[in-house]
Amino acid sequence: MHTQTSISAKRLARQRGMTLIEVLMGTMILAGGLIVLLTCLSTCIEMIAASKQVQQVQYVFDLAELKYPINEDQLKNVEELVPVSRDSSIVDGFTFERTVDEKDKFADVVDDKLYIVRSIVSWNYGKQSEEVMEYVRQTD
């Protein structure tokens with residue numbers, strides 16, 4: 001009788017616990033889930049950084065437009081009054097610049113006094129930049 005009790009106790013102990021293969025499989029599934037989660041987290045952090053950068057550039061454009069507006073008086077002589085040389089005093093680490101170019105003319109087209117105004121914000125020591133282009137007509 002004593003032997004039968006010890007055999008059933010051994011069987012019961014084996015049935016209660018997990019086998020080594022079950023533990024390893026559970027660990028592998030958990031590790032796979034963690035890898036996917038960390039990959040998604042790193043992508044999310046990159047997107048947040050890119051979004052922050054876009055917001056900062058837009059902020060610099062907005063401040064530059066307040067500091068150097070294009071008003072009706074300036075449109076009488078666009079080439080002299082609208083351009084802005086490199087200004088790095090608006091926001092630390094960013095540089096604003098505005099250039100004016102005449103629109104490409106064809107030989108058979110009359111002068112329509114249309115100019116291309118390019119506003120450029122650069123950062124990271126000029127390695128990165130964002131440009132906004134608009135058309136402006138010179139008034140008489």
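Predicted model: local features only at pLDDT ≥ 70, side-chain atom pairs only at ≥ 80, totals over all residues.
**Confidence**

I looked up pLDDT, the predictor's confidence in each residue on a scale from 0 to 100, and its mean over the protein is 83, with 85% of the residues reaching 70 or more. Helices (H or I, at least four residues) and strands (E, at least two) are taken as DSSP runs numbered from the N terminus. Among these elements, helix H2 (residues 20-67) has the highest mean pLDDT, 92, while helix H1 (residues 2-16) has the lowest, 64.

**Salt bridges**

Side chains of opposite charge can pair when their charged atoms come close. I searched the whole structure for salt bridges and recorded five, a salt bridge being a side-chain nitrogen of Lys or Arg within 4 Å of a carboxyl oxygen of Asp or Glu.

Glu65 is in one of them, its partner being Arg98, with the closest N and O atoms 3.0 Å apart. This pair links distant parts of the chain, since Arg98 belongs to strand S2 (residues 94-102) and Glu65 to helix H2, 33 residues apart. Arg98 is buried, at a relative accessible area of 2%.

Glu97 and Arg86 also meet in a salt bridge, at 3.1 Å from N to O. Because Glu97 lies in strand S2 and Arg86 in strand S1 (residues 84-87), this pair ties together parts that are 11 residues apart in sequence. I note Arg86 as exposed, with a relative accessible area of 53%.

A further salt bridge joins the side chains of Arg118 and Glu131, at 2.9 Å from N to O. Arg118 lies in strand S3 and Glu131 in strand S4 (residues 128-137), so parts 13 residues apart in sequence are tied together. Both ends are partly exposed, Arg118 at 23% and Glu131 at 42%. I see Arg118 and Glu131 again in a network of salt bridges, linked there with Asp101.

**Ser119**

Leaving out residues up to four places away in sequence, Ser119 touches several residues, among them Phe61, Glu65, Phe96, Glu97, Arg98 and Glu131, where contact means heavy atoms within 4.5 Å. Glu65 and Arg98 in this list are the salt-bridge partners noted above.

**Cysteines**

I looked for disulfides, defined as pairs of cysteine sulfur atoms within 2.5 Å, and the structure holds zero of them. Cys40 is in no disulfide, the nearest cysteine sulfur being that of Cys44, 9.0 Å away. Cys40 is partly exposed at 49% relative accessibility, and Cys44 is partly exposed at 40%.

**Met28**

My last entry is Met28 in helix H2, which I list as exposed at a relative accessible area of 58%.

How values were computed: Residues numbered from 1 in each chain as written. Heavy atoms only, no water. Buried < 20%, exposed > 50% of the residue type's maximum accessible area, 1.4 Å probe, protein only.
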